[in-house]
Each structure stands twice: as structure tokens, then as C-alpha cells.
Amino acid sequence: MNTCTIELPEGRTIAFTFDPAQTLLDAAAQAGWELPHSCRRGNCESCRVQVLEGAVHPPARQGSALLCMSRGCGDVRIAADRAEPVSGAARKTVQARLYRLRMAAPDVAVIDLRFPAGVKVPFKAGQYLQVHLAGAQPRSFSMSSAPRAADGVQLQVRVLPGSLFGEQVLPTLKPGDTLALELPFGDFYLREGPAPVIMVAGGTGFAPMQSILEDALARQPERRFTLYWGARRADGLYALEQVAKWQRRHANFRFVGVLSEGETADTGMRQGLVHEAVLADHADLSGHQVYVCGNPAMVGLARERFVRERALPKASFFADAFAATAQA
Ligand SMILES: Cc1cc2nc3c(=O)[nH]c(=O)nc-3n(C[C@H](O)[C@H](O)[C@H](O)COP(=O)(O)OP(=O)(O)OC[C@H]3O[C@@H](n4cnc5c(N)ncnc54)[C@H](O)[C@@H]3O)c2cc1C
């Protein structure tokens, strides 16, 4: 058995022994520690850490490695942004039935699925599931429904040109058909506390934000939540009725819609990139928690700029980068 020591912000360290056959992410989880991660396939960069001492396989590149892919070769010392005690429900695989499928935008399908009678699968608002498809890698989608609707889940799926699930599987599905779902995954969920929350969603990155807001707004009426939601054009903001409902009901909820290409005159939307709208509105993010979901480029830029230019502590940045599976 070897030892992995993790250096954390503010001089904290944790250490655990690991079996060299395991990835460091799995070894940490087995030892009771959840480290930042998302896709678990070496694709989204959420679990990249600095390797300070020792060797990992595959070898670190420029001193950094992905925890979900790396195995330790002997004792290792790494630096991570945060480590939290593992919490949450055991993962399950269920055959869920399609209840309803509708297009919320020309390229966004909203899919309601029901678990088998009597089956409940707890998850935390913001987490994601994997859809198992015959002969292909599982596809990851965030639950957009709140966990209290525990008899099923809703997904919001961007239909990408040339995609397996979006273009080939979805059009064949009829109500009553089953999909094999495995859940829950991921560390994208709301951390409790009084800190004001900024949420930044690109496109279907809105899905986990909907789950979190449905769960949290009523429970934490004193907490400030601001949702920035960006898309190319207005039809990409496909759930504005839902957003308007939160605005009517919750005094501490604020919404900023941002369009990168579309016309914004008379829409109340801002023009530009969604993470840049946050930068324009906030000179200092140090007292906030920031939650970001969307394409990996936007997530990477948001992290870098919020931390470097707006003093956001790395440990207060939470993200799911919606990396494509087929390009992995
Ligand atoms: C944690 C997490 C949560 C996510 N949540 C959501 C969500 O809630 N909603 C959502 O819409 N997405 C989400 N995603 C992204 C989603 O998982 C990916 O976009 C996934 O690839 C979609 O599966 P698909 O079968 O529809 O597309 P895929 O078949 O995986 O295709 C994806 C893209 O790759 C291209 N492609 C296909 N084959 C190849 C090839 N051989 N070489 C190169 N490119 C190829 C396709 O043209 C397409 O543009 C999430 C991702 C992660 C990691």
C-alpha cells in the first residue's frame, strides 16, 4: 500500500493509503474523500491537480495530472483545490420508462423518465446520471428535476449534429420505452451556508441549475441566488417561463440572460459571453460561491478569470464541464 498526501488551501493536508490498481479519484473516495471531478473519463479537466512529489501513471504532464485517470506509482503528494467528506447516496442502475419527450428549442429535448414502481433513487440537486447504450460508452446528462420528485428524473439534452444519443436514439423513443440509467454521479451540488450564489449556465448547462434552484430557493429564502444563463440566440434560453416563476416567487433570486449572437434589443437580455457578464457585474467574488456548467471552454475561462481577476477562492468554484463523449 502506498500513501497519497493531498495539500489543500490554507495549509490543510489529508492523507490516505491506496491500492496502485485504483485511480487516485476512486482511492480517495474509498478513503472517504470526495475530490473535485466530473466526467470520470479524462475528458472534462475538472479533476486536474498538481503533482508535487512522486510519480503517477500515465505520467504527469507539465507537473499536472487528471485524478480520474491517474494511478499512483509509490507514494505521491498532490495539491488540490478542495477535499470534502464523501456524502450522498449509493449509486444504482435502473430501467427507467420514458414518460414524455418534448422539444423545448429546435435542438433541446426535455425528457421525463419514471423509475419502476416503488424504486427511489436519491441524488443531490445538480448531480448527473449516465445513460447506458448498447455497444457505446455511457452518455452523461444532469438531472434537471429536483430530488424530491424521487419517482423519476427529467433531463434536458442538446441534440448535437452527428450525435448517437441525441440524433440516433432520441428520435426512436416512444412513451413506455426503457433506458438504463446509472446514478447519481458528480460533485456538482449546492454547498450549504450563507454565501451568495452565482450560477453561470451555458445552453443546457441550465439543467443542473434548475434542479438546484427548485430544491434550494424555497429552503433558503434568505440566500441570494443570481443565475446568468447564456446562449447564442434567444431560443437557446428555452425555459424562461420557469425562470420568470422563480423571479415572481423569490425576492432574492436574480436572473441575467446573455446572448452571444442574437439580437438583444427589447428582450431585456445582455449581449456577449455569459462569464463576461459576471465579470462586468462583480469587481470582487471573494465572498461568493460560484457554480458553472456548460461547454468546457467556457467553464475553463470562467474558472481562470474568476480566480485570477476577481479573487474567487478556488475552493468556492464548482463546475461540470459538458464535455462530449464521442470526442473523448
Ligand atoms: C458531467 C456531465 C454532465 C452533462 N450534462 C449534460 C446535460 O444535462 N445536457 C446536455 O445536453 N449535455 C450534457 N453533457 C454533455 C453530454 O454528455 C455530451 O454532449 C454527450 O456527448 C452527448 O451524447 P450524444 O450521444 O448525444 O452525443 P455524442 O455521440 O457523444 O456526440 C457528441 C459530439 O461529438 C461529435 N462526434 C460524434 N462522433 C464523433 C467522432 N467519432 N469523432 C469526433 N466527434 C464526434 C458529434 O458530432 C457531436 O457533436 C454532460 C456532460 C458531462 C461530462
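User: How many bridges join strand 9 to strand 12?

Analyst: The model is predicted: local features need pLDDT of at least 70, side-chain atom pairs count only at pLDDT 80 or more, and totals for chains, interfaces and linings use all residues. Residue numbers start from 1 along each chain as its sequence is written. Strands (E, at least two residues) and helices (H or I, at least four) are DSSP runs numbered from the N terminus, and two strands pair if DSSP finds at least two bridges between them. Strand 9 and strand 12 run antiparallel, and the number of bridges joining them is 7.

User: Which residue in strand 12 is the bridge partner of Val-110?

Analyst: Strand 9 covers residues 108-114, and strand 12 covers 152-158. The partner of Val-110 in strand 12 is Gln-156.

User: Which element gives the most to the side of domain 2 that touches domain 3?

Analyst: The domain bounds, from an automatic or database assignment, are domain 1 (2-85), domain 2 (92-185) and domain 3 (197-321). The C-alpha centres of domain 2 and domain 3 are 23 Å apart, and their contact (C-beta atoms, placed from the backbone, within 7 Å) takes 17 residues from domain 2 and 16 residues from domain 3. On the domain 2 side, strand 8 (92-105) and strand 12 are the elements giving two or more residues. With 4 residues, the one that gives the most is strand 12.

User: How many nonpolar residues does the side of domain 2 that touches domain 3 have?

Analyst: Ala, Val, Leu, Ile, Met, Phe, Trp, Tyr, Cys and Pro count as nonpolar, Asp, Glu, Lys and Arg as charged, and the others, Gly among them, as polar. In these classes the domain 2 side has 5 polar and 1 charged residues, and its nonpolar count is 11.

User: Which element supplies the largest share of the shell around the ligand?

Analyst: Of the 28 residues around the ligand (C-beta atom, placed from the backbone, within 6 Å), Gly-162, Ser-163, Phe-165, Gly-166 and Ala-326 come nearest. By class, the shell has 14 nonpolar, 11 polar and 3 charged residues. Strand 11 (139-142), strand 12 and helix 2 (164-169) each supply at least two residues. The largest share, 4 residues, comes from strand 11.

User: What is the order of the strands in the open sheet of 6 strands?

Analyst: The edge strands, each pairing on one side only, are strand 17 (270-271) and strand 19 (317-321). Strand 15 (residues 225-231) and strand 16 (residues 253-259) run parallel and are joined by 7 bridges, and Gly-230 has Val-258 in strand 16 as its bridge partner. The pairing in the sheet is parallel, and the order is 17-16-15-14-18-19.

User: Where does Pro-184 lie?

Analyst: The peptide bond between Leu-183 and Pro-184 is cis, with omega about -5°. Another cis bond runs from His-57 to Pro-58, with omega near -5°, and Pro-58 is in the loop between strand 4 (48-57) and strand 5 (64-66). The place of Pro-184 is in strand 13 (residues 178-185).

User: Is Gln-62 buried or exposed?

Analyst: Gln-62 has a positive phi, near 50°, although it is not a glycine. Its place is in the loop between strand 4 and strand 5. With 7 other C-beta atoms within 10 Å, Gln-62 is exposed.

Key. Two residues are in contact if their C-beta atoms, placed from the backbone, lie within 7 Å. A residue is buried if 20 or more other C-beta atoms lie within 10 Å of its own, exposed if 12 or fewer, and partly exposed in between; C-beta atoms are placed from the backbone.
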